[in-house]
Amino acid sequence: MISIIDYGAGNLKSVNHALNKLGFEAEIISSKEKINQSTALILPGVGAFEDAMNQLRDLDLVDCIKDNVQAGKPILGICLGMQLFYEKSYENGEWEGLGLLEGEVVRFGDQLKVPHMGWNNLIPGPNFDAQNGIGTGIEQKDYTYFVHSYYVKPKNREEVVLGSDYGIEFPAVVQKNNIYGMQFHPEKSSEVGMTLLKNFGELIT
Amino acid sequence: MLAKRIIPCLDVRNGRVVKGQKFQNIVDVDDPVKLAKVYSEMGADELVFYDITASNEERNIFIDVVERTAEQVHIPFTVGGGIRSVEDFRKVLKAGADKVSVNSAAVKNPQIIQEAARKFGSQCVVLSIDVKQKEDGQWTVFLNGGRMDTGKDALEWAIEGERLGAGEIVLNAMDTDGVKTGFSTDITKGISEHVNIPVVASGGAGKIEHFLDVLTEGKADAALAASVFHFGEIEMKDLKDYLYENGVEVRRV
């Protein structure tokens with residue numbers, strides 16, 4: 001069972017629908033028990049970094065998520081969910097994240113329109129393998145749907161599976177051991193997004 | 001590189017997609033969820049659903065359309081029409097919409113933009129602006145399907161909308177809506193150059209050249225159209241190929 005963590009941040013149904021369509025068992029949950037029982041986690045997220053961390057703290061889920069991930073349970077962070085994996089975000093202030101991955105979350109420069117909204121193509125990164133892992137079957141001509149004003153500056157470039165370019169190149173898919181992050185919305189990225197979610201589902205089952 | 005988006009717009013009344021000209025002469029087109037799926041498969045980048053119903057009963061039918069679309073279609077979609085409060089935002093977002101567009105309610109009460117942006121994030125707050133050009137050349141904001149001139153300057157309202165927290169602007173030029181003589185490139189460019197959020201051009205699409213024009217000359221980030229897609233006058237694939245051949249970054253499927 002894939003548990004989609006509901007902490008009050010946005011549209012979880014689309015992720016659930018997409019996983020169900022692919023034939024994976026998934027449910028939207030918000031309790032520690034359910035997180036502990038699941039085989040994999042999805043941390044979605046739309047909205048502000050500070051609010052999201054506060055909500056996770058209010059629900060007392062921070063340590064529970066960390067413990068499960070550190071014990072090796074696969075987790076996929078989507079959009080803000082991926083950003084929460086990192087140590088620190090500068091979104092309207094300076095906020096501490098989950099610290100599962102090393103790096104920071106910073107804002108796009110104002111020379112381009114912000115949010116970065118729409119379909120952008122994926123660029124293979126150091127951790128990309130077209131035959132194996134989360135990037136299986138993905139090509140450079142493939143586009144996914146992004147909506148974000150902040151992006152991740154990872155400390156370890158080798159964790160970047162796929163990047164994208166919006167004035168600067170930034171991580172679109174990252175992976176370290178059992179931790180996966182997607183800056184775009186795979187559940188809204190048509191066939192390419194479904195391929196990526198399918199890859200995740202197959203990696204954990 | 002970020003692609004320019006092509007967005008079919010579906011006006012929904014009583015659970016059906018309909019199309020009119022200058023907000024009149026309404027004809028029945030198709031089932032919204034079925035049409036949404038077809039467009040998604042053909043390579044539409046996003047969809048917009050406008051609720052043009054009046055009664056509460058029909059409103060529930062519309063919410064059902066939104067829910068079924070979210071289940072079956074895996075591209076982003078915006079919902080607009082009849083959004084009057086933050087509670088209306090919540091309802092359609094909960095039903096599965098990715099963005100919500102607000103028009104006349106924001107003119108009457110600009111705070112709704114700020115409240116919705118604070119509550120749900122700017123990324124899902126779309127400010128839809130209906131504009132018409134006056135004889136002296138000024139573009140002003142209109143309400144009630146183009147019947148009421150607010151006197152508000154279009155550019156000033158767009159800038160104000162961004163300041164209040166809108167994450168995107170849909171600019172609907174009403175003189176050209178449904179008449180297929182081309183998008184209003186000048187006002188689209190004027191607004192796109194003065195805001196730092198995406199601008200979606202709407203109203204007037206008739207030929208594929210119109211799309212090229214507004215996405216290059218007009219500096220629009222996306223172009224929205226209805227009848228040219230509904231009636232098969234322009235095929236999504238042909239449009240994307242044409243734009244690509246003319247140097248516009250587009251997502252082709």
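Q: Where does E187(A) sit?
A: This is a predicted model, and in it E187(A) is placed in the loop that runs between β14 (179–182) and α6 of chain A.

Q: And is E187(A) buried or exposed?
A: E187(A) is buried, because 31 other C-beta atoms lie within 10 Å, and the cut-off for calling a residue buried is 20 or more.

Q: What does E187(A) touch?
A: Leaving out residues up to four places away in sequence, E187(A) touches S14(A), V15(A), A18(A), G193(A) and L197(A), and it also touches H74(B) from the other chain.

Q: Which residues does UniProt list for "active site"?
A: The UniProt entry, which is unreviewed, lists C79(A), H185(A) and E187(A) under "active site". These residues are spread over 109 residues of sequence, yet they cluster in space, with 10.9 Å as the largest C-alpha distance.

Q: Where is C79(A), then?
A: C79(A) lies in a loop as well, the one between β4 (75–78) and α5 (80–83) of chain A. C79(A) counts as buried because 26 other C-beta atoms are found within 10 Å.

Q: What is C79(A) in contact with?
A: If its neighbours within four places in sequence are left aside, C79(A) is in contact with G45(A), V46(A), H148(A), Q183(A) and H185(A), and H185(A) is another of the residues in that UniProt list.

Q: Back to α6(A): how many residues does it have, and how far does it reach?
A: The helix α6(A) has 15 residues and reaches 22 Å from its first C-alpha to its last, which is close to the 21 Å expected at 1.5 Å a residue.

Q: Which residues of α6(A) are buried?
A: The buried residues in α6(A) are S190(A), V192(A), G193(A), L196(A), L197(A), N199(A), F200(A) and G201(A). As a general point, an α-helix has 3.6 residues a turn, so residues three or four places apart point the same way.

Q: What covers those buried residues of α6(A)?
A: The cover includes α1, β4, β10 and β14 of chain A, and α1 (32–42) of chain B also takes part.

Q: How many residues are in contact between chain A and chain B?
A: On the chain A side 28 residues are in contact with 24 residues of chain B. Each of α1 (13–21), β8 (116–121), β10 (143–148), β12 (160–166) and α6 (190–204) of chain A supplies at least two residues of that side, and the largest share, 6 residues, comes from β8(A). By class, the side of chain A that touches chain B has 12 nonpolar, 10 polar and 6 charged residues.

Q: New topic: how many helices and strands are there in chain A?
A: Chain A has 6 helices and 14 strands.

Q: How do β5 and β6(A) pair?
A: Strand β5 (residues 88–89) of chain A pairs with β6(A) in the antiparallel sense over 2 bridges, and K88(A) stands opposite E96(A) there.

Q: Last one: why does chain A agree with a compact globule?
A: Chain A has a radius of gyration of 15 Å, which agrees because a compact globule with 205 residues would have one near 17 Å.

How values were computed: Residues numbered from 1 in each chain as written. Chains lettered and ligands numbered in written order. Predicted model: local features only at pLDDT ≥ 70, side-chain atom pairs only at ≥ 80, totals over all residues. Contact = placed C-beta atoms within 7 Å. Helix = DSSP H or I, 4+ residues; strand = E, 2+ residues; numbered from the N terminus. Nonpolar A, V, L, I, M, F, W, Y, C, P; charged D, E, K, R; others polar. Rg over C-alpha atoms; globule rule 2.2 N^0.38 Å. Pairing = 2+ DSSP bridges. UniProt positions renumbered as here; feature names shortened; annotations may be inferred. Buried ≥ 20, exposed ≤ 12 C-beta atoms within 10 Å, placed from the backbone. Expected span 1.5 Å × (residues − 1).
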